[in-house]
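Dear colleague,

Please find the structure below, handed over for your own work. My notes on it follow directly after.

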Amino acid sequence: MSKQRLFQLILLSLLLPLILMACRREEEATETPAPTPTTEVVAQPTNTPRPTAVPTQPPITAIDPAQIDWAPQVIYSSPAPGEEVVLDGAITIRFDQPMDQASVEAAFAIEPADSTRAVQGQLSWPRPDTLVFTPSGQFEREQRYRVRIGDAAKGRNGKPLLAPVGLDLKTVGFLEVGQVIPGDGLGEVQTDAAVTVLFNRPVVPLVSTG
């Protein structure tokens, strides 16, 4: 055997393992990777209660007059006790239920506190439960009046008032000066100081027509 032939055999024996190793690595790279095992997570029940639907309240409706079985009473007046009444103002009285108008008007009276002379006026009913008294003229200035509704007044259900109604009212007084700044007799007042006069009620300033 020649030296050249021997050299080729040696070279082939060295290259053949390298070629086989490279082919094996290529086959391993192209193989489909095995799926990675996963752990199934099962949801555990919690102790948190599920929200429940909140029941809705029924709409508020007016009371059926046929269901009213109690005695009537006054729930509102204008002016309120202690408030001043304007000289030509009306007086409003509201009950807690529709009233028998004829019986209320017959039991109604308004008179000065120092007299039994009744004040003349008109009675009207803007609502079945609301009475309005409007004087024919004007009330007297700075005078106390008493509004009375006797217990003969009754509601539409036929039940009379629990107790007679009495309201003490006072009409507006005269315009008076309540305070003056600077005060009377005060000394060392600056020459450019403003003079302020406070009245006991709102006033209309006097202005020229020009």
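Asn 157 sits in the loop that links S7 and S8; helices (H or I, at least four residues) and strands (E, at least two) are DSSP runs, numbered from the N terminus. This is a predicted model, in which local features need pLDDT of at least 70 and side-chain atom pairs count only at pLDDT 80 or more, while totals for chains, interfaces and linings use all residues. Residues are numbered from 1 along each chain as its sequence is written, and side-chain values use heavy atoms, with hydrogens and water left out.

Asn 157 counts as partly exposed because its relative accessibility is 28% (buried means under 20% relative accessible area, exposed over 50%, partly exposed in between, with a 1.4 Å probe and protein chains only). Its contacts (heavy atoms within 4.5 Å), leaving aside neighbours within four places in sequence, are Ile 68, Asp 69, Trp 70 and Gln 97. The side chain of Asn 157 reaches the backbone oxygen of Ile 68 at 3.2 Å and that of Trp 70 at 3.1 Å. Asn 157 and Pro 72 are 85 residues apart in sequence, yet their C-alpha atoms are 9.1 Å apart in space.

Thr 171 belongs to strand S8 (residues 165-171). Thr 171 counts as buried because its relative accessibility is 0%. A polar atom of the Thr 171 side chain lies 2.5 Å from the backbone oxygen of Glu 140, and one lies 2.8 Å from the backbone nitrogen of Gln 143.

S4 and S7 run antiparallel and are joined by five bridges (two strands pair if DSSP finds at least two bridges between them). The bridge partner of Ile 110 in S7 is Val 147.

As to confidence, the mean pLDDT (the predictor's confidence in each residue, from 0 to 100) of the chain is 76, and 70% of its residues reach 70 or more. Over residues 51-61 the pLDDT is below 50, and this stretch has zero contacts in the model beyond near neighbours in sequence. Where pLDDT is low, the predicted coordinates should not be read in detail.

With kind regards

Note on methods
A polar contact is a pair of N or O atoms within 3.5 Å; within protein, one must be able to donate a hydrogen and the other to accept it, and residues adjacent in sequence count only if both atoms are side-chain atoms.
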